[in-house]
Amino acid sequence: MAEDARKRVLVVDDAGLVRLYYREALESAGYEVDEALNGLEALEKLLLAPADLVVVDVNMPQMDGFTFLKTLRRQAPPLCAIPALVISTEAGPQDLAAAQAAGANFYLVKPVRQAVLAEYVALMCGAGA
Amino acid sequence: MVNEAGETDEEFRRLCDFLYRRTGMLFSDSKRYFVQRRIADRMAATGSSSFASYFSRLRSDVDGEIERFINAFTVNETYFYREDHQFRCLSNDLLTRRLNSKLPGAPIRIWSAPCATGEEPYSIAIWLLENWPQVDAYDVEIIGSDIDTAVLEAARAGQYGRRALMRLPAELVEKYFVQTGPESWRIIDELRESVRFTPVNLSVPGETKGHGVFDVIFCRNVLIYFDPASRRVAAENLFENLAPGGYLCLGHTESMSRISPLFEVRRYADAIVYQKPGGRADG
Amino acid sequence: MPLIRTTSSKPTEPPAPSRAGLTSGSSEERWTAARAAGGSAQNVAALGVALTQEQDPRVREAIFTSLALINTDESVEAVLPHLRSDDAQVRAAALDALRAMPERTAGHLPALFADADGDVRLLACELCRTLPLAEMHAMLGVLLANEHEANVCAAAVDVLADCGGEEILPALAQCARRFISDPFLTFSIKIASQRIASQRPDRGE
């Protein structure tokens with residue numbers, strides 16, 4: 001039997017408390033959650049084990065969110081098709097456009113309520129369990 | 001959920017985070033139990049009665065605890081065919097791709113740095129002889145380098161004890177070693193002549209230049225010991241010493257992601273490796 | 001006769017360093033020049049100028065590394081302006097370089113915390129991680145009381161969650177009251193306070 005039938009979400013943000021906040025939100029909604037501190041680490045983790053969705057912050061060291069997304073979209077399947085939810089402090093139309101151009105599927109502006117995050121994730125990749 | 005050393009999942013993640021920020025060590029899920037056991041070992045060794053107090057000690061690097069913790073993963077682990085999945089990746093994936101980029105007659109150059117007492121470069125040589133069908137068709141230069149000249153002398157001498165050979169099948173020991181005592185074996189002369197040993201300090205800018213450019217570099221389990229500035233210098237040295245399109249292999253708990261954005265990450269069947277951009281486009 | 005065919009020919013050298021200097025020539029040449037410049041404090045001004053012009057991210061990395069190696073007040077000053085860059089990678093590289101020069105950066109923190117740009121203040125929080133506890137508390141305590149941008153406060157809380165001591169708990173509580181409608185910040189402060197409160201020295205250690 002499948003060891004873990006839960007959907008897997010990779011949360012990418014350089015702040016540990018942000019990752020914890022999203023983790024709590026998503027684990028209570030039934031998702032399996034993995035974390036990465038920056039875009040490079042996220043890419044490595046996905047290369048080892050693809051996720052069903054990636055939640056990514058824009059501002060991170062070593063590889064920022066947009067660079068990560070562009071790199072992700074250049075990978076072989078299934079990585080290139082992983083739905084991506086970008087979370088940013090910026091709310092301007094140009095920021096949204098930049099996210100879209102980088103390959104984001106959805107965009108949320110901080111602060112994000114845990115319930116809202118779980119709703120968007122369910123919308124994007126299906127229910128947790 | 002309480003783990004091996006009495007820590008919660010969250011506490012465990014925080015410790016991993018801290019180590020990652022400080023050393024670049026990255027633990028995959030499959031390593032989890034192993035890491036937790038090491039935490040338990042270190043708690044016992046330091047007399048820490050709670051995870052919180054051990055973590056506090058680690059964070060403040062009391063008595064060099066960070067290095068002691070790292071050593072728990074890497075100490076006494078130099079032996080032949082260590083992490084041989086990377087050698088498999090070398091013969092199955094990396095060399096084929098490098099051959100596409102090379103000029104006819106140009107040798108394949110492989111660097112093991114640091115090489116310590118030589119197990120790694122000799123392992124590479126043995127592996128290629130045993131597993132790479134084209135080993136006779138190309139010139140292969142294997143260089144082992146280290147900052148410690150005493151270990152280089154030992155590497156040139158090529159004498160090893162039983163423990164270093166424990167992962168080698170008996171027929172390989174038979175083929176490539178001469179037993180020189182009840183507990184010692186020496187690499188056969190022809191193999192010793194296949195590897196050149198040189199001194200080098202990876203953390204000095206530009207110091208590695210004279211070694212030329214390599215197709216593949218193995219730099220395993222040393223970057224984690226460097227401070228952040230030295231790590232960047234070492235990463236830049238390694239970058240400089242790679243041919244465009246050349247590959248870098250780090251140790252099993254290491255990731256370039258905390259160290260430097262210079263390289264591109266590549267996943268092959270047997271390993272994750274780092275590539276210097278340029279050369280022909282890679283798959 | 002070696003088992004593996006080796007060659008006695010000279011290995012291919014990386015390109016020789018050119019006279020081109022830090023701001024001209026190919027990116028390979030600028031890379032080499034940038035690395036070579038890290039050997040002397042006299043090169044800081046030239047490195048600083050090159051940094052403002054350099055577009056190749058790899059060469060920029062090499063310039064930042066050299067400035068961090070030089071580790072003087074001038075090299076800190078050369079790096080500081082790049083905390084404000086529009087390019088996230090540049091900001092990150094600048095932060096990393098300053099992190100490698102903690103003693104000399106510390107003196108600049110008050111100015112960074114007074115900066116009009118919230119992103120700069122946010123990065124300044126990160127730079128507090130290596131400060132002695134009392135100084136960290138002093139700087140971040142003031143920020144928690146006065147900062148109006150939630151994500152800057154969140155950066156301070158993130159640092160304190162890892163490194164803070166009991167003395168900062170009241171300031172954290174006060175900040176939570178100021179931002180009572182921010183779900184993430186109140187969550188962070190709750191977690192940070194719990195972690196700080198649970199850091200007890202071992203009995204008998």
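Before counting bridges I noted the rule: two strands pair if DSSP finds at least two bridges between them. Helices (H or I, at least four residues) and strands (E, at least two) are DSSP runs, numbered from the N terminus.

I also noted that this is a predicted model, in which local features need pLDDT of at least 70 and side-chain atom pairs count only at pLDDT 80 or more, while totals for chains, interfaces and linings use all residues. Residues are numbered from 1 along each chain as its sequence is written, and chains are lettered from A and ligands numbered from 1 in the order in which they are written.

Entry 1, chain A overall. I found 5 helices and 5 strands in chain A. Read from the N terminus, the order of elements is β-α-β-α-β-α-β-α-β-α. The radius of gyration of chain A (taken over C-alpha atoms) is 13 Å, close to the 14 Å from the globule rule (2.2 Å times the number of residues to the power 0.38) for 129 residues, so chain A is as compact as a globular protein of that length. The C-alpha trace of chain A spans about 45 × 35 × 25 Å along its principal axes.

Contacts mean C-beta atoms, placed from the backbone, within 7 Å. Of the contacts in chain A with a separation of 6 or more, 64% are between residues 24 or more positions apart.

Which strands does it pair with? I found 4 bridges to strand 1 (residues 8–12), running parallel, and 4 bridges to strand 4 (residues 84–88), also parallel. A:V54 is the bridge partner of A:L10, and A:V55 stands opposite A:L85.

In a regular strand the side chains alternate between the two faces of the sheet. Here A:L53, A:V55 and A:D57 lie on one side and A:V54 and A:V56 on the other, all buried. Because 5 of the 5 residues of strand 3 (residues 53–57) are buried, this strand is largely enclosed by the rest of the structure.

I found 29 residues of chain C in contact with 36 residues of chain B. On the chain C side, helix 3 (57–70) and helix 1 (27–37) each supply at least two residues; helix 3 gives the most, with 7 residues.

Technical notes: A residue is buried if 20 or more other C-beta atoms lie within 10 Å of its own, exposed if 12 or fewer, and partly exposed in between; C-beta atoms are placed from the backbone. Two residues are in contact if their C-beta atoms, placed from the backbone, lie within 7 Å.
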